[in-house]
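Have a look at the structure first.

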Amino acid sequence: MIVALILVATDAGLQTERVFTDGVSALFQKFTMLYDMDKIRSCLKYKVIVPIVDGLENYRTSKSSEIMAEIQRLVEEHSGDLTLTECADTLGYHPTYLWKVIKMEKNTTFSDYVAEYRLQEAKRLLLETKMTVNDIAIKLNYTNAQNFIRFFSKLEGETPGKYRQSHRKI
């Protein structure tokens with residue numbers, strides 16, 4: 001049973017030296033000295049199962065952060081003109097898995113994440129450049145300026161032109 005649990009950990013990508021700080025051989029040696037079932041259960045739980053579960057959780061969290069960074073990079077490279085399926089194909093993951101990663105890391109959906117990125121990028125371009133609203137719509141891959149204005153107004157409560165006027169520092 002211990003070997004099976006250790007194999008689960010290694011198959012998931014965990015290094016046994018990090019999970020079992022005393023080493024696997026010390027773990028087996030400890031088990032050979034136990035004869036009481038309660039002590040065996042306790043040792044199995046706290047010396048094998050809990051460290052493996054903690055290790056898997058830490059590994060999954062760090063892996064999710066790496067994947068989220070890759071998603072962010074792709075969204076930025078494509079200026080927000082990217083679907084979840086395209087993102088998943090590019091990164092080599094299933095779309096459902098990426099959806100779960102985004103939900104866990106950012107507590108949002110992929111489309112809401114992309115919409116927020118496009119909104120923040122639009123605000124930045126409005127305030128930091130002299131690009132026209134039409135040029136910004138083209139840069140952010142909107143089909144036309146009216147769609148961009150509608151999108152921006154819905155989320156910000158004012159048109160891009162009014163936003164630029166009221167927030168630009170003189």
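## Ground rules

This is a predicted model, so local features need pLDDT of at least 70 and side-chain atom pairs count only at pLDDT 80 or more, while totals for chains, interfaces and linings use all residues. Residues are numbered from 1 along each chain as its sequence is written, and side-chain values use heavy atoms, with hydrogens and water left out.

## Overall shape

The protein has 10 helices and 0 strands, where helices (H or I, at least four residues) and strands (E, at least two) are DSSP runs numbered from the N terminus. With a radius of gyration of 25 Å, well over the 15 Å that the globule rule gives for 170 residues, the protein is more spread out than a compact globule. That radius is taken over C-alpha atoms, and the rule is 2.2 Å times the number of residues to the power 0.38.

Along the principal axes, the C-alpha atoms fill a box of roughly 80 × 35 × 20 Å. Of the 170 residues, 33% are buried (under 20% relative accessible area; exposed is over 50%, partly exposed in between, with a 1.4 Å probe and protein chains only).

## The aromatic cluster

How many aromatic pairs does a search of the whole structure find? The count is 5. Rings of Phe, Tyr and Trp (its six-membered ring) pair if their centres lie within 6.5 Å; planes under 30 degrees apart are stacked, over 60 edge-to-face, and the rest tilted. Y142 and F148 make a tilted pair, at 5.3 Å between centres and 55° between planes, and both Y142 and F148 are buried.

F152 and Y163 pair edge-to-face, with 5.4 Å centre to centre and 75° between the planes. This pair links distant parts of the chain, F152 in helix α9 (residues 145–156) and Y163 in helix α10 (residues 160–167), 11 residues apart. F152 and Y163 are both buried. Ring pairs join Y142, F148, F151, F152 and Y163 into a cluster. R118 sits over the face of Y142, 4.0 Å from the ring centre; the test is NZ of Lys or CZ of Arg within 6 Å of the ring centre and within 35 degrees of the ring normal.

## The largest pocket

The largest pocket holds about 170 Å³ of space. Its lining includes V19, F20, D22, K30, K47 and P51. On a 1 Å grid over the protein atoms alone, a pocket is an open set of points where a 1.4 Å probe fits, with protein on both sides within 12 Å along at least five of seven lines, and lining residues have an atom within 4 Å of a point.

Which helix gives the largest share of the lining? That is α3, with 3 residues; α3 (24–32) and α4 (37–77) each supply at least two.

S79 has a positive phi near 50° despite not being glycine. S79 is in the loop between α4 and α5 (84–91), and is buried at 16% relative accessible area. N141 also has a positive phi, near 65°, and belongs to the loop between α8 (133–139) and α9. N141 is partly exposed, at 34%. For background, most residues other than glycine have a negative phi.

L98, in helix α6 (residues 95–106), is buried with a relative accessible area of 0%. L98 and L34 are 64 residues apart in sequence and 44 Å apart in space, C-alpha to C-alpha.

How values were computed. Grid points are joined across faces, edges and corners, and a volume is the space filled by probe spheres set on the points.
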